[in-house]
Amino acid sequence: LDGTAAGFSVYAGPKDDANLVEYAKGSCRVSVGRSITLANKAIVYPFNHPTNGAAVVFSAQNVTVGTNAAFKAERAGYDYCYGPGACYAHHLSGKGGEGNGASYGGINSRWHADDNYLEQPTYGNAYAPFWAGSPGTYQSDGGLPGGGAIILEVSRQLTLYGRLDADASADSVSAGLGSGGSVWVKAKRIKIDGGSAKITAK
């Protein structure tokens, strides 16, 4: 992809999560025989399944993400009320509360000290980060979605000058924020430009 307006969106379907080995392989695979190259602000948007959380997996011999280009999975994780780190259960139980954050690698946060708050357990695997982030909560509805998962299987080299962005949204005043997603890169070699490259999942 090359150009300011170039964008490519890929949406994962659901997948049975009873077998985590198979679930980790994603429900949608984009396979390229040679190279994936993003240049001049081109962006690829992978979306996890919003209720099941299954991911999109990209595979190629080489992947190059140029300056100002990105794989962007911001707010592409579990949607409202879904996900293992969502704190929606306290609304269903009648405990009230609003604006609680979601958990993932860390315990979720509460909106204020007197909130009827349910702590959600952490989930995922630091050595195989294929899970999407969970949504926050707001009153009786869901809050903002979690970050998605960026999974790259590169048989030769990943060259990164741009961004791998799996953040949850940070633009809320009162709704609980979702948890960041995952970035999982499997590559023989990784070359990163420290001046412009950025990898985030917060």
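**Entry 1: strand pairing.** I looked up strand S6 (residues 70-72) and found 3 bridges joining it to strand S10 (residues 163-165), the two running parallel. Phe71 has Leu164 in S10 as its bridge partner. I took strands (E, at least two residues) and helices (H or I, at least four) as DSSP runs numbered from the N terminus, and strands as paired if DSSP finds at least two bridges between them.

**Entry 2: basis.** The model is predicted, so I note that local features need pLDDT of at least 70, side-chain atom pairs count only at pLDDT 80 or more, and totals for chains, interfaces and linings use all residues. Residues are numbered from 1 along each chain as its sequence is written, and side-chain values use heavy atoms, with hydrogens and water left out.

**Entry 3: the sheet.** I read the strand order of the open sheet of 5 strands as S1-S4-S6-S10-S12, with parallel pairing. Strands S1 (7-11) and S12 (198-200) each have a single partner strand, so one side of each lacks a neighbour in the sheet.

**Entry 4: aromatic rings.** I counted 8 aromatic pairs, taking rings of Phe, Tyr and Trp (its six-membered ring) with centres within 6.5 Å, and calling planes under 30 degrees apart stacked, over 60 edge-to-face and the rest tilted. Tyr104 and Tyr123 are stacked, because their ring centres are 4.4 Å apart and their planes at 15°. Both Tyr104 and Tyr123 are buried (under 20% relative accessible area, 1.4 Å probe, protein chains only). Phe130 and Trp184 have ring centres 6.3 Å apart and planes at 35°, so I recorded this pair as tilted. Phe130 and Trp184 are also buried.

Notes. Buried means under 20% relative accessible area, exposed over 50%, partly exposed in between (1.4 Å probe, protein chains only).
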